[in-house]
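Colleague: I have a protein model open and would like to learn how to read it. Could you take me through the features one by one?

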Amino acid sequence: MGIWEQSGSDVRLEWGAEGVAALGRECAVLVVVDVLSFGTTTDLVVGRGGRVLPVRWRDERGIAAARAAGAVIAGEGGFTLRPSSVTEIPPGTLLALPSPNGATLCDAAAATGAHVLAGCLRNATAVAAKAASLGGPVGLIAAGERWGVNVFGDGETFGPLRPCVEDQVGAGAIAAALAEQGLSLSAEAALAARSADVTALAACVSARELREAGHDGDVVLATQTDVSDAAPVLTGGVLA
């Protein structure tokens, strides 16, 4: 039992790939929280009866993996990483979703041997219930953003972590829901639970960036809380 694993608490919270490495040493469940936009888009797809194939980069490697799985590739046709693009996605669709944050962390989390879920505000309570049912401890992985990373890049650049409001709020909402079930929170998870302020998310840098690009609808979808019963679990490399 070590300090960095936040040992002694049922629910723990850390950031990014380094957080996966630390919490994955003890946690039986890892919940990847990437609110803008991987987690929210995944929730919408799974909530409509679809599945998501996490793909780190939309390059030759990612496209090849998606085609091999028989997946529809986000960015081709009408579906993208934007939540508003999948609100009418047909049930049964397998969507390959490139994301250097959420998808990358799902892959890293799976490598630890833990159960892996994708969470956001929309499904915070549902994901908490599913995570608790799988046993513990539960590690919440706030994805954060990465400085200088281009989702359409070749994958050779991996910028430093930028902790962000949206994933702090999303992870906090899930932590609060787990606490309501009687699970103990580490100091990191408890602080996030106390700061799960959706109004802060709506005004944060990432939300402002989306709005200035004309994507206000994506922010609206991402800030909706507990409107979904979906709890996407990664099985065989696919979230469903």
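The talk below goes from the whole protein to single residues.

Colleague: What should I know before I start?

Modeller: This is a predicted model: local features need pLDDT of at least 70, side-chain atom pairs count only at pLDDT 80 or more, and totals for chains, interfaces and linings use all residues. Residues are numbered from 1 along each chain as its sequence is written, and side-chain values use heavy atoms, with hydrogens and water left out.

Colleague: How many helices and strands are in the protein?

Modeller: Helices (H or I, at least four residues) and strands (E, at least two) are DSSP runs, numbered from the N terminus. Here there are 10 helices and 11 strands.

Colleague: Why is the protein called as compact as a globular protein of its length?

Modeller: Look at the radius of gyration, taken over C-alpha atoms. The globule rule is 2.2 Å times the number of residues to the power 0.38. For 240 residues the rule gives 18 Å, and the protein has 16 Å, close to that, so it is as compact as a globular protein of that length. Along the principal axes, the C-alpha atoms fill a box of roughly 45 × 35 × 35 Å.

Colleague: What share of the residues is buried?

Modeller: Buried means under 20% relative accessible area, exposed over 50%, and partly exposed in between (1.4 Å probe, protein chains only). Of the 240 residues, 53% are buried. The accessible surface is about 9800 Å², and carbon and sulfur atoms hold 55% of that. Such areas come from the Shrake-Rupley method with a 1.4 Å probe; for residues, only the protein chains shown count as cover.

Colleague: What do contacts tell me about distance in sequence?

Modeller: Contact means heavy atoms within 4.5 Å. Take the contacts between residues at least 6 apart in sequence: 74% of them join residues at least 24 apart. Ser186 gives a case. Ser186 lies in the loop between α6 (165–180) and α7 (187–194). Not counting residues up to four places away, Ser186 touches Gln6, Ser9, Val11, Arg12 and Leu13. Ser186 counts as buried because its relative accessibility is 4%.

Colleague: Is Gly8 buried or exposed?

Modeller: Gly8 is exposed, because its relative accessibility is 64%. Gly8 is in the segment before β1 (11–15). From C-alpha to C-alpha, Gly8 and Ala189 are 13 Å apart in space, though 181 residues apart in sequence.

Colleague: Which residues does Arg48 contact?

Modeller: Leaving aside neighbours within four places, Arg48 is in contact with Val86, Thr87, Glu88, Ile89 and Pro91. Arg48 sits in the loop between α2 and β3 (51–55). At 30% relative accessibility, Arg48 is partly exposed. Arg48 and Asp197 are 149 residues apart in sequence, and their C-alpha atoms are 27 Å apart.

Colleague: What should I look for in the backbone?

Modeller: Start with the general rule. Most residues other than glycine have a negative phi, and most peptide bonds are trans. Now the cases here. A cis peptide bond joins Leu36 and Ser37, with omega about 20 degrees. Ser37 is in the loop between β2 (29–33) and α2 (38–47). The bond from Gly136 to Pro137 is also cis, with omega near 0 degrees. Pro137 lies in the loop between α5 (124–133) and β7 (138–142).

Colleague: Where is a positive phi found in a residue other than glycine?

Modeller: Gln6 has a phi near 55 degrees. Gln6 is in the segment before β1 and is buried, with a relative accessible area of 8%. Asp226 also has a phi near 55 degrees. Asp226 is in the loop between α10 (216–223) and β10 (234–235). At 40% relative accessibility, Asp226 is partly exposed.

Colleague: How many disulfides are there?

Modeller: A disulfide is a pair of cysteine sulfur atoms within 2.5 Å. The whole structure has 0 disulfides. For Cys120, the nearest cysteine sulfur is that of Cys106, 12 Å away. Cys120 is buried, at 0% relative accessibility. For Cys164, the nearest is that of Cys204, 7.2 Å away. Cys164 is buried too, at 4%.

Colleague: Where does a charged end sit over a ring?

Modeller: The test is that NZ of Lys or CZ of Arg is within 6 Å of the ring centre and within 35 degrees of the ring normal. Here the charged end of Arg162 sits over the ring of Trp147, 5.6 Å from its centre.
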